[in-house]
Amino acid sequence: MIALVAMFAIYNVIVYTQGTSNSTPKMSEKALKGEQLYQENNCTACHQFYGLGGYLGPDLTNIISNKYKGPTYVNAFLNSGIKSMPQFNFTEEEKDALVQFLTEVDQTGYYPIKDAEKEANGWVRIKYKNQ
Ligand code: HEC
């Protein structure tokens, strides 16, 4: 019993004193402004990042690196209003910030992940950007 308690104590010290190795990527000021606009205008009610969000509109995780879409397309899309996407009245600066936000989100990874590899031990290795 004493051995178990000791092992538990050591385990706790190790778990709670070690830092994590993945540092959170920092966004630029402009992207943070874009994120704020994204939240204030409730884009997430209709759009998803990594499959999470509302499902009326498409997933926006990789829209910037999509070769048929990209920043110019997104910029033009924002104020146009189409079908069930409301028309916004963003200034050029606000559109820039939103595009910057989407660009930095895009740099974090791929969605959906098409070339995940299943390892022999059952883990799935996925591909990250900037690796
Ligand atoms: C009421 C729901 C709704 C809200 C809120 C909304 N959208 Fe949309 N959005 C849509 C729909 C639906 C489409 C698809 C329209 C189409 O292609 O006909 C779309 C399309 C888009 C596209 C083009 C996607 C593509 O793959 O072609 C972009 C970019 C976009 N929205 C960005 C935004 C941003 C940024 C916001 C917040 C400022 C926002 N949307 C808010 C519903 C919404």
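Predicted model: local features only at pLDDT ≥ 70, side-chain atom pairs only at ≥ 80, totals over all residues.
User: OK. How much space lies in the largest pocket?
Analyst: The largest pocket holds about 510 Å³ of space.

User: And which residues are closest to its centre?
Analyst: The pocket is lined by 25 residues, and those closest to its centre are His 47, Gly 57, Pro 58, Phe 77 and Met 85.

User: Which elements give two or more residues to that lining?
Analyst: Those are helix H3, residues 70-78, and helix H4, residues 92-106. H3 gives the most, with four residues.

User: How do the lining residues divide into nonpolar, polar and charged?
Analyst: In the lining, 18 residues are nonpolar, five are polar and two are charged.

User: How would anyone find empty space in a set of atoms, by the way? What shows where it is left?
Analyst: A probe the size of a water molecule is rolled over the atoms, and that shows where empty space is left.

User: Now the ligand. Which space does the ligand take?
Analyst: The ligand takes the space of the largest pocket.

User: How many residues surround the ligand, and which are the closest?
Analyst: There are 22 residues around the ligand, and the closest are Cys 43, Cys 46, His 47, Tyr 73 and Met 85. His 47 and Met 85 are also among the residues closest to the centre of the pocket.

User: How does that shell divide by residue type?
Analyst: The shell around the ligand has 15 nonpolar, five polar and two charged residues.

User: Start with His 47. Which atom of the ligand is 2.7 Å from an N or O atom in its side chain?
Analyst: That is a nitrogen atom of the ligand.

User: What about Tyr 73? How far is an oxygen atom of the ligand from an N or O atom in that side chain?
Analyst: For Tyr 73 the distance from a ligand oxygen to a side-chain N or O atom is 2.4 Å. Lys 69 also has a side-chain N or O atom at 2.8 Å from an oxygen atom of the ligand.

User: Let's switch to other lysines. Is Lys 95 buried or exposed?
Analyst: Lys 95 is buried, because its relative accessibility is 9% and buried means under 20%. Lys 95 is found in helix H4.

User: What does its side chain make a polar contact with?
Analyst: The side chain of Lys 95 makes a polar contact with the side chain of Glu 92, at 3.2 Å.

User: And Lys 129, buried or exposed?
Analyst: Lys 129 also counts as buried, because its relative accessibility is 16%. Lys 129 sits in the segment after strand E4, residues 124-125. Its side chain makes a polar contact with the side chain of Asp 106, at 2.6 Å.

User: And where is Lys 83?
Analyst: Lys 83 is in the loop between H3 and H4. At 83% relative accessibility, Lys 83 counts as exposed. Lys 83 is not a glycine, yet its phi is positive, about 40°.

User: Where is Asn 42?
Analyst: Asn 42 is in the loop between helix H2, residues 29-40, and strand E1, residues 48-49. Asn 42 counts as partly exposed, at 47% relative accessibility.

User: Last topic, the backbone. Which residues does a cis peptide bond join?
Analyst: A cis peptide bond joins Tyr 111 and Pro 112, with omega about -10°. Most peptide bonds are trans. Pro 112 is in the loop between H4 and strand E3, residues 117-118.

User: What about Asp 115? Where is that residue found?
Analyst: Asp 115 is also found in the loop between H4 and E3. The C-alpha atoms of Asp 115 and Ile 126 are separated by 7.1 Å, and these residues are eleven residues apart along the chain.

Methods
Residues numbered from 1 in each chain as written. Heavy atoms only, no water. 1 Å grid on protein atoms, 1.4 Å probe; cavity = no way out; pocket = protein on both sides within 12 Å on 5 of 7 lines; lining within 4 Å. Points joined across faces, edges and corners; volume = space filled by probe spheres on them. Nonpolar A, V, L, I, M, F, W, Y, C, P; charged D, E, K, R; others polar. Near = heavy atom within 4 Å. Polar contact = N/O pair within 3.5 Å; in protein donor to acceptor, adjacent residues only side chain to side chain. Sits in = over half its atoms within 2 Å of the grid points. Buried < 20%, exposed > 50% of the residue type's maximum accessible area, 1.4 Å probe, protein only.
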